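How do two chains meet? Look at the structure below with that in mind.

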Amino acid sequence: MTELPGAIFDATAPRSHRGEVREGPAKSMLRPAVVLLLIMTALTGVVYPLVITAIAQVVFPVQAGGSLILRDGKVIGSRLIGQPFSAAGYFWSRPSASTPQPYNGLDSGGSNLGPLNPALIQAVKARIAALRAADPGNTAPIPVDLVTASASGLDPDISLAAAYYQAGRVARARHLSLATVRGLIGAHARYPWLGVLGQPRVNVLELNLALDAVTQPAGDK
Amino acid sequence: MTAQSWGLLALFLAIALLCVRPFGLYMAQVMEGAPIWPVRVGGALERLIYRLCGVDPAAETGWKRYAVALLVFNALGALLLYALQRLQFYLPLNPQHLPGPPPNSAFNTALSFVTNTNWQSYTPETTMGYLTQMAGLTVQNFLSAATGIVVAVALIRGLARHSARTIGNFWVDLTRVTLYVLLPIAAVIAIALVSQGVIQNFSAYKTVSLLQPVTYRQQQVNAAGQPVMQTVTTDEQTLPMGPVASQEAIKELGTNGGGFFNANSAHPYENPDALTNLIEMLAIVLIPAALTYTFGHMVGDTRQGWAVLAAMIILFVPLYALCNHAEQLGNPRLSALGVNQTASRLQSGGNMEGKEVRFGISGSTLFATLATATSTGAANSTYDSYMPLGGMVPLFDMMLGEVVFGGVGSGLYSMLIFAIVGIFIAGLMIGRTPEYLGKKIEAFEIKMSSIAILVMPALVLVGTAVAVSVPAGRAGPLNPGAHGFSEILYAFTSAANNNGSAFAGISADTRFYNIALGLAMWIGRFWPIAAVLAVAGSLAAKKRIPVSAGTMPTHGPTFIALLIGTVLLVGALTFVPALALGPIVEHLLLWSH
């Protein structure tokens, strides 16, 4: 922009900035405010979501509908939403802070317990005890994600460390070789893309469905 | 910090920086009314809107009319949103037949979404019907974002113009931002999110069968009216549904942050994997970062914009590093129990309480730092469960005044106000009349800038002091001790800065918190906006002083350091005592044994 000293309202400023302000009385603001709000509500609140829904349903119907998993014609869950497991023959998901039951789809959220809160320490101790009791011979340190509650209460994944930690217990309960179970984990393992984007993890529901495809599930504990 | 954490930061910043110039230029062209093709395509619709509204698009107004129009429009928006919530039971698109929330909760939510805060004291899955989510909440996701952007543009015009009486036409600016910037970009992001698993439908909630039935204990009321614990077994799980992707896209793009679900961006249906996490982070930073270029372009010197962006990035990286470091270190109390928190090829490790496996420490802490440095307030992890210093970063991000990228528009206009104050301080030190971009900074600008900056700390500190002094306030926190204090401090900091994130253990759906935080959000949003528009009007009317040997350049390292110093000084000096009572004392307690 050129530097032009001049009168307060100099000729270089565009006409519309210079004071040709066509302003009506203050109440004239009510009409644009009301009408614009209604138009924008229709555009951004009705047209926009409906158009996105239409495109989504045509192009990505499975994803838009919740990535549901079918087995024998029955919906048995979603690839993206975790489920709770406590049987020795299944890989356990992460602890869930949702209430009243874990992995309650209507109560997503975390525990919100602070790092010093005695309730957190008590909860972790109880989870460690349950894992040890289900697998008495296993003295390896327990991977942290297996004893801490997720942010959503619906975390579908566990870390690969958490999966391999449970491999021995699952193999024994299912009378499978450790190599078979570890092979299944490996087949479902996901690693960071380019070593940067993502985390080493495995989807628990998919892994357990793969287990069921190999052998029938053992009874509860 | 792990190499993966640095790598993620590098990948994120590289893509974000690549977007700054094209999007910044595009927004400048839209706001200047350049005849680029999207404007030509939407021109007919745009003119129709003006005709229906009775607006003359060529007529600009001064700052006072601009401010009144903005306030009237936002107040009406709040009224409509309040009514939609209260009446949702009687309106269509509510397949779960959810009742309207109570008045104090609806009041809080209405102000929350209109102020771009998106603080949520309610549980969305069981509170809001689809119509309220779309026609109420999604709409304000757009309009509050557009409001922020037009204020920034008005301030830029104030700096760019000289000897002018007007700063723009609010109705035209708002319409253009929504039509040409927010809607198309949000649509692209929404489709990208759906492709990766974010849901978008109008189904009723789905009931699916569990692979293994779950047994749990639940409190029930028996025939005598006494609460008893019952053991219940179920083999079903209810999956919430809804038009999520369309709201998720604008939630991030408009730095809003209000989740469709309670778990917000931690919910797998809002943010299913690392790629959507990256897309959402880029959506958050896109407009706040690109607006710095818009600024530079509109004032005729893009170096001015890059300098502001550089200051933002220099503030951002150490904050991320601190947060990431604290979380990756993990919780010593858990290490003592024999829990393995070490990062390896097989696990992210670190403090995983309140974090999702697919994001790990890197994806959680980068999102957290970004969502609080911008005024987004979305969360893909629960900040309440962060380590003391890790959780202090989101808190401190907000206390800086949401200027590290900041909210859409609000980040830039707040940063420019800091720049004005910084230049004023520098001018005092060398005994020269301060000037910014050829405009003399005088008493009126400094008064208004002081109001814009000081409203927030006053709301935070007074609000927190009141809350810890009354029983209704002390009833809020979930966690004992210093952490409970942090929860209250966080709530008022989040509200007054229009961020919307929380140390979510606090029970804020009470009459006290709904009203107190609602007022903090409203005042924290619109008092500074009025002051910023006043500065814009005053600057626009000034003559431009030619650059001379005595002019301090505002695009070099000296200016960047001055700007960073001003932001840190105001943020740190104001809030260090409060931080000492919360996260800092908690940190000392944690590591003292």
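Which residue stands opposite A:Pro143? A:Pro143 faces B:Asn340 in β3(B).

This is a predicted model, in which local features need pLDDT of at least 70, side-chain atom pairs count only at pLDDT 80 or more, and totals for chains, interfaces and linings use all residues. Residues are numbered from 1 along each chain as its sequence is written, chains are lettered from A and ligands numbered from 1 in the order in which they are written, and side-chain values use heavy atoms, with hydrogens and water left out.

Strand β3 (residues 142-143) of chain A pairs with strand β3 (residues 339-340) of chain B. The sense is parallel, over two bridges. Strands are DSSP runs of E, at least two residues long, and helices are runs of H or I, at least four, both numbered from the N terminus. Two strands pair if DSSP finds at least two bridges between them.

Now the whole interface. Contact means heavy atoms within 4.5 Å. Buried area is the accessible area (1.4 Å probe) that two parts lose on being put together, summed over both.

| Item | Value |
|---|---|
| Chain B residues in contact with chain A | 137 residues |
| Chain A residues in contact with chain B | 125 residues |
| Area buried between chain B and chain A | about 10,600 Å² |

Of the buried area, 66% is on carbon and sulfur atoms. B:Leu211, B:Gln212 and B:Val357 supply 8% of what chain B buries against chain A, more than any other three residues.

The two chains share one salt bridge. B:Arg358 and A:Asp155 form a salt bridge through their side chains (3.9 Å, N to O). The rule asks for a side-chain nitrogen of Lys or Arg within 4 Å of a carboxyl oxygen of Asp or Glu.
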